[in-house]
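Subject: Structure handover

Hello,

Here is the structure you asked for. My notes follow below it.

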2 protein chains.
Amino acid sequence: MALIVHKYGGTSMGSPERIRNVARRVAKWARAGHQLVVVPSAMSGETNRLLGLAREVNPGTPDAAAMRELDMIAATGEQVSVGLLALALQAEGMAAISYTGWQVPVKTDSSYTKARIESIDDARVRADLAAGRVVVITGFQGIDETGSITTLGRGGSDTSAVAVAAAMGAAECLIYTDVDGVYTTDPRVVPEARRMNTISFEEMLEMASLGSKVLQIRSVEFAGKYRVPLRVLSSFTPWDINIDEEARSGTLITFEEDEKMEQAVVSGIAFNRDEAKFTVVGVPDTPGIAYKILGAVADANIDVDVIVQNVSHDGRTDFSFTVPSGDFQRVSDLLKDTVVPKIGALQFTADPRICKVSIVGIGMKSHAGVASTMFRTLAEEGINIQMITTSEIKTSVVLDEKYMELAVRALHRAFGLDAPANLV
Amino acid sequence: MALIVHKYGGTSMGSPERIRNVARRVAKWARAGHQLVVVPSAMSGETNRLLGLAREVNPGTPDAAAMRELDMIAATGEQVSVGLLALALQAEGMAAISYTGWQVPVKTDSSYTKARIESIDDARVRADLAAGRVVVITGFQGIDETGSITTLGRGGSDTSAVAVAAAMGAAECLIYTDVDGVYTTDPRVVPEARRMNTISFEEMLEMASLGSKVLQIRSVEFAGKYRVPLRVLSSFTPWDINIDEEARSGTLITFEEDEKMEQAVVSGIAFNRDEAKFTVVGVPDTPGIAYKILGAVADANIDVDVIVQNVSHDGRTDFSFTVPSGDFQRVSDLLKDTVVPKIGALQFTADPRICKVSIVGIGMKSHAGVASTMFRTLAEEGINIQMITTSEIKTSVVLDEKYMELAVRALHRAFGLDAPANLV
């Protein structure tokens, strides 16, 4: 008997019939002798519906007081879900009880709409488990020290589930979603992409941050910090499949070095075309120039991703960086009106048509020449690299958007990911 | 400057545009220098939608554990409303903050789906009012001693508003609804019906219990217990009408005897066709027979309204009572299978086609002959009276349903309610 946390996404909770199927699956696990804590998301579309109503009554940019109200409103989506799932479990003959974040309580800071979990009191939940109940807890939300409801931001239910699993020392946290695991790359781009049976926590963190949408990155960070074994698996398998088969399905995110077989050097290829590139040209090369350019961007609350500063010629240099595509106009205005005149640069260029392609693998730590294999592969395909950035376990390149699929397929092949033998 | 509680029904909160109009009306009151606490209902249709989802995932008859979950789900309707109204008030430039029942907190017993308010802590709300905020509080709900969410049952937001007004010693509680006050009878039946400027608490209590749907009866009881001045008025007047005019509109439910003018003997005519009549025929007339019949009905959680026991002949009597029409089949089964055989009665008759018509007036306390005027009026119209029941300030008769409109119109005329001069 083990304590298991299940997390179900909005699609899995999308209708009364689907909720009944979630209940049947959970009941199967409970009947197999496990203690179950379940964290469901809001029914699909519900959070958007609620925030749409909020925008209709108040179209302005929300201040802190308004963000508190947005959280008050948005949190109800998950509250409905936990009540419905508890009722569905009762209909399956299971003892079940639901709790909101404030009832557990899940304590957070007061950053409304993007709060951080500070602590979880598990006493109440443990008492229910000991009494034989399945416990259903709202994802996405908590309570701050003023007693106000907070939410964790989009995808926050993944983080809630992992946090609950960490607080309770769960044996495993199963994230049921609409894909059946983590793939070497997106199967829609590379049909030969293969599902990984395991992926290391560090690789998953890079994959998540590089645009793989399977898990919210904060949930992966949380899992890493508290070493919560995390498994991504499909909620679209029949609910009554063999439980041992289900327990081994999907992709396990692991913290233990796998001794049994050789680690693949590169585990996966991530990509992202939602960024835009800016280059400030002819920047006087004086100390603090990076801060002057990026400080202004950061002050506008825009996330900068890849940053490259060229060597200088004649006391001037070029400085390039990428930002989310949605911030393209704001950054253009900022550079034109403020940054370029202020620092005495010559001009700037902007390119929304770029993509970022990354190879990720824990084996890169100990293998030389991986990056050069990447560069050679791209060169052989005639693809020009615009920017390069690296970390211990990944190398990212910025390319013209039109080469993205070609680059991903070529790299997937070059690193042997097409072949099952290289899978971990 | 006074502390005023506003309560808005689901229709008033039915769309973002209507919510903005509620906000404009509340802002007008706040700008006039009043402290405002607002209790909005769920958006119209929302509670039904939520409970419909609940029935789909669990169609069974709810036990206590399921009723706890129903409250968890249903309470979200009002939570969304308070957040939206606070946002709409902020859009009007007002400082505003929303609270759920558990945040205030509004403490109740643990009778899920029909909880009773036990206490309200007003410290937090008072602090916000003192800081110049409009405070928006969820109706319909509270928290029990286990920290679970409870709801007060249908129409419970009226009760919440009155309870908050009582706890805070509000100068007045304004119930904004889709009618513009309390009428001498239903204007759809009697076009000559007149809106009353004031009605006594006792009369309102009778009107509410007799089927006038303007206010939930528990809210009237609460107002009586704590002497909260209550006003029913329309939410469909333009939000920007003159505030003094608005403050005097509708119907004031008052606790003070009006000295200025002669009290009408009969204030209003109430009616109700949602009851069915049962007669147990040839009951052996022994002590405890009423308990044996009605005890079985009460045990099935069915409310009995009018009860009449005839004098006995030859040791047998007839025993009649009315119940809500919705319980017709259950009561029929109960009498046939259990009660009639057990007590040795001869048979029973059932009539779903009845109505109850009542005259209500605080002046009946001191005026003789009021009931006989009622009986004479009905006799002159050729209407046969099946049952009669009286209290200090009302007389009710049970009639064949087909006579209902005729009876109401004749009584409205007979007691001078058609003529404006008799209005209080």
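A word on naming: helices and strands are DSSP runs, numbered from the N terminus. A helix needs at least four residues and a strand at least two. Please keep in mind that this is a predicted model.

**Cis prolines**

By that numbering, P105(A) sits in the loop between strand 3 (96-99) and strand 4 (106-108) of chain A. The peptide bond leading from V104(A) into P105(A) is cis, with omega near -15°. Chain B has a cis bond from V104(B) to P105(B), with omega near -10°. P105(B) lies in the loop between strand 3 (96-99) and strand 4 (106-108) of chain B.

**Positive phi in chain A**

Two residues to check here. T113(A) is not a glycine, yet its phi is positive, about 75°. T113(A) belongs to the loop between strand 4 and strand 5 (117-120) of chain A. F140(A), also not a glycine, has a positive phi of about 80°. Its loop runs between strand 6 (134-137) and strand 7 (141-143) of chain A.

Are these two buried or exposed? A residue counts as buried if 20 or more other C-beta atoms lie within 10 Å of its own. F140(A) has 31 within 10 Å, so F140(A) is buried. T113(A) has 19 C-beta neighbours inside 10 Å and therefore counts as partly exposed.

**The core**

The largest nonpolar core has 255 residues. L85(A), V164(A), L85(B) and V164(B) have the most contacts inside it. Take V164(A). Setting aside neighbours within four places in sequence, V164(A) is in contact with V5(A), V37(A), V39(A), I120(A) and I137(A).

**Two domains in chain A**

Chain A is assigned domain 1 (3-254) and domain 2 (258-424). Their C-alpha centres lie 32 Å apart. The contact takes 19 residues from domain 1 of chain A and 22 residues from domain 2 of chain A. On the domain 1 side, strand 10 (198-200) and helix 6 (201-209) of chain A each supply at least two residues. Helix 6 of chain A gives the largest share of that side, four residues. By type, the domain 1 side divides into seven nonpolar, seven polar and five charged residues.

**Where the chains meet**

29 residues of chain B are in contact with 29 residues of chain A. On the chain B side, helix 1 (16-31), helix 2 (46-57) and helix 3 (64-91) each supply at least two residues. Which helix gives the most? Helix 3 of chain B, with 16 residues. The chain B side divides into 17 nonpolar, nine polar and three charged residues.

**A sheet in chain B**

Four strands of chain B form an open sheet. The order is 15-16-14-17, and the pairing is antiparallel. Strand 15 (307-309) and strand 17 (347-351) of chain B are the edges, each pairing on one side only. The twist averages 15° from one strand to the next. Strand 15 and strand 16 (residues 316-324) of chain B pair over three bridges. There, Q309(B) stands opposite F319(B) of strand 16.

Two helices belong in this picture. Helix 9 (residues 289-299) of chain B lies across strand 14 (275-284), strand 15 and strand 16. It runs at about 25° to strand 16 of chain B. Helix 10 (residues 328-343) of chain B packs on the sheet and touches strand 14, strand 16 and strand 17. The direction of helix 10 makes about 5° with that of strand 14 of chain B.

Best wishes

Conventions. Residues numbered from 1 in each chain as written. Chains lettered and ligands numbered in written order. Predicted model: local features only at pLDDT ≥ 70, side-chain atom pairs only at ≥ 80, totals over all residues. Domains from an automatic or database assignment. Contact = placed C-beta atoms within 7 Å. Nonpolar A, V, L, I, M, F, W, Y, C, P; charged D, E, K, R; others polar. Pairing = 2+ DSSP bridges. Axes fitted to C-alpha atoms, helices over the stretch in contact; angles between N-to-C directions. Core = buried A, V, L, I, M, F, W, Y, C linked by C-beta atoms within 7 Å. Buried ≥ 20, exposed ≤ 12 C-beta atoms within 10 Å, placed from the backbone.
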